[in-house]
Amino acid sequence: MTDLHQELILILDFGSQYTQLIARRVREQGVYSEIKPFNFPLERIKALAPKGIILSGGPASVYQLDAPLLGKEIFDLNIPILGICYGLQLISHLLGGKVTKADHREYGHAMLEISTAHLLLENIAHQSKVWMSHGDRVEQLPDGFAVLAQTPNAVLAQTPNSPYAIIKHSTKQIYGLQFHPEVAHTDQGERFIQNFIYNIAACHGLWTPQSFIEESVQHIRQQVGSEKVICALSGGVDSSVAAALVNEAIGSQLTCVFVNNGLLRYKEAEQVCYIFEKQAKFNFRYVDASQKFLARLENVVDPEQKRKIIGDEFIQTFEAVAHEIGEVKFLVQGTLYPDVIESVSTKGPSAVIKSHHNVGGLPEKMHLKLIEPLRELFKDEVRQVGRELGLSDQLISRHPFPGPGLAVRILGAITPERIAIVQQADHIFISELHKTGWYHKVWQAFAVLLPVQTVGVMGDERTYESVIALRAVTSEDAMTADWAKIDPEVLGGVANRIINEVRGVNRVVYDISSKPPGTIEWE
């Protein structure tokens, strides 16, 4: 079997908000990519033997005392290198060029003009729009470098801010782009990346959903042997695809356990049971533990306490199921690549904003070995793998749902009445998004029940009832998100239905905050 990791594009992260996007763009071209911090040791780079290296952008200036730098030895590895924005400036700085603060910060669209033909620029128009985001500029190129393109008429700055928009070394395979080809704002951006991967780094394109499945199945069989495995199945995309992949590998050795904690979406328990027990015919167990969960959550309002209670109750439930099955050695978990690389950012592990939405702590407390078959994948790749495995598009295209469920969408105390309110409101919202064609245009959408009541008038009578907040965001990977600009007519129709159909609600509001500074979920 061909090793699909043998073609690796290594991305060194200097703190750019677009680093994950670079990795995703490389993979979209059929080549495996990994993100490592900028100070990843040279010896480990040699051991990985990447076909190419991309130096990301970043917020620093290369001439700052505390700027993230790397050793010049990397340029002697005879591995093709592409610097993007800060990466281009870093190449210039380390190899003897001059980088200074620009008179005008170049941010937004600029018109790129190619001056010299090259394989890096194959099938790219002589003039095209590119996306700039930098406050420094290269004043003098290092010896041995030539210019391939410039931006003589920056759209916003109206100055020749980037005379060195694309550069290359005359004898070594070292290249730099002052703009960001990974963002959608750059015309033909994917072609710049494609040309580097195939024309410069000489890749062939081994990274496909099918090749990933084949390699994963083989690895899981070797890892598990004849042991028993359980999967914490939530019915969401990640756990469902993880379960399907492991089931493909070991079949009846896997038991999928779906726990109803009483905090699921409208009729979700019935839907998940139908898909996995009736349609897919998995080795499946349904556990209704809703009364136990809700009893422990009574009068609890602190979101972190909610999470800890839910996590602990999940642990107890899975322990009981594992004991019934007997001699379970492995637990399947739907960890994704963004979860992995957050811990190796340029500034070290990220601060804990809130406990992870997925059920955490199970392997350590239950002494189970982890199987994380999706830990190399981004969300869009998970969906591709799921489709390849034959899971229904209805399941694969579902919006993300937090592990604690509606507990973090009911602000304040959790009661059966409040659960019913948010379930009905959320169901109406999602139904209307499907009906109006908006559901697949947004990354995630849901309703939140606020811990406030407001005055209203219904049927000529004064009311004092609850408020529902609607949240819908667009995103590439959930690391950042913007509020979705849904048609006002659609939102008006949703609000009208909720107020008329959901008892106890007399007001609906729409959340127009982005991430950052907010988070996608409210708690």
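This is a predicted model. Begin by selecting F258, F276, F282, F284 and Y286, which together form one aromatic cluster.

**Ring pairs**

Aromatic pairs number 13 in this model. Pick one of them: F293 and F314. How far apart are the ring centres of F293 and F314? They lie 5.1 Å apart, and the planes meet at 65°. Edge-to-face needs an angle over 60 degrees, so the pair F293 and F314 is edge-to-face.

Now show the helices around that pair. F293 belongs to helix α8, residues 290-297, and F314 to helix α9, residues 303-325. The pair therefore ties together parts that are 21 residues apart in sequence.

**N261**

N261 is buried, with a relative accessibility of 2%. Show its contacts beyond four places in sequence: S290, F293, L294, I310, F314, G403 and P404. Both F293 and F314 are among them. Then look at the side chain of N261, which reaches the backbone nitrogen of L263 at 2.9 Å.

**K306**

Next, select K306 in helix α9. Is this lysine, K306, buried or exposed? K306 has a relative accessible area of 0%, so K306 is buried. What does the side chain of K306 meet there? One of its polar atoms lies 3.1 Å from the backbone oxygen of A407. A polar contact of 3.3 Å also joins the side chains of K306 and E523. Leaving out residues up to four places away in sequence, K306 touches L297, V300, V301, A407, I410, L411, G412, I414 and E523.

Nonpolar side chains tend to be buried together in soluble globular proteins. Select L433, I468, L470, I486 and I498. These touch the most other members of the largest nonpolar core, which has 49 residues. Helix α14, residues 416-435, gives the most to this core, with 8 residues. Zoom in on I486. Not counting residues up to four places away in sequence, I486 touches F429, L433, W438, A472, L491 and Y510. A second, separate core has 44 residues, including L4, V229, F276 and V382.

**Charges over rings**

Select R27 and Y337. The charged end of R27 sits over the Y337 ring, 4.9 Å from the ring centre. Then pick K485 and W483. Here K485 lies over the face of W483, at 4.3 Å from the ring centre.

**Helix α4**

Finish with residues 189-200, which make up helix α4. This helix has 12 residues. From first C-alpha to last, α4 reaches 16 Å, close to the 16 Å expected at 1.5 Å a residue. Colour its buried residues: G189, F192, I193, N195, F196, I197 and I200. An α-helix has 3.6 residues a turn, so residues three or four places apart point the same way. Just past the end of α4, select A202, where phi is positive, at about 60°.

Key: Residues are numbered from 1 along each chain as its sequence is written. This is a predicted model: local features need pLDDT of at least 70, side-chain atom pairs count only at pLDDT 80 or more; totals for chains, interfaces and linings use all residues. Side-chain values use heavy atoms; hydrogens and water are left out. Rings of Phe, Tyr and Trp (its six-membered ring) pair if their centres lie within 6.5 Å; planes under 30 degrees apart count as stacked, over 60 as edge-to-face and the rest as tilted. Helices (H or I, at least four residues) and strands (E, at least two) are DSSP runs, numbered from the N terminus. A charge sits over a ring if NZ of Lys or CZ of Arg is within 6 Å of the ring centre and within 35 degrees of the ring normal. The expected span of a helix is 1.5 Å times one less than its number of residues. Buried means under 20% relative accessible area, exposed over 50%, partly exposed in between (1.4 Å probe, protein chains only). A nonpolar core is a set of buried Ala, Val, Leu, Ile, Met, Phe, Trp, Tyr and Cys residues joined through side-chain atoms within 4.5 Å. Contact means heavy atoms within 4.5 Å. A polar contact is a pair of N or O atoms within 3.5 Å; within protein, one must be able to donate a hydrogen and the other to accept it, and residues adjacent in sequence count only if both atoms are side-chain atoms.
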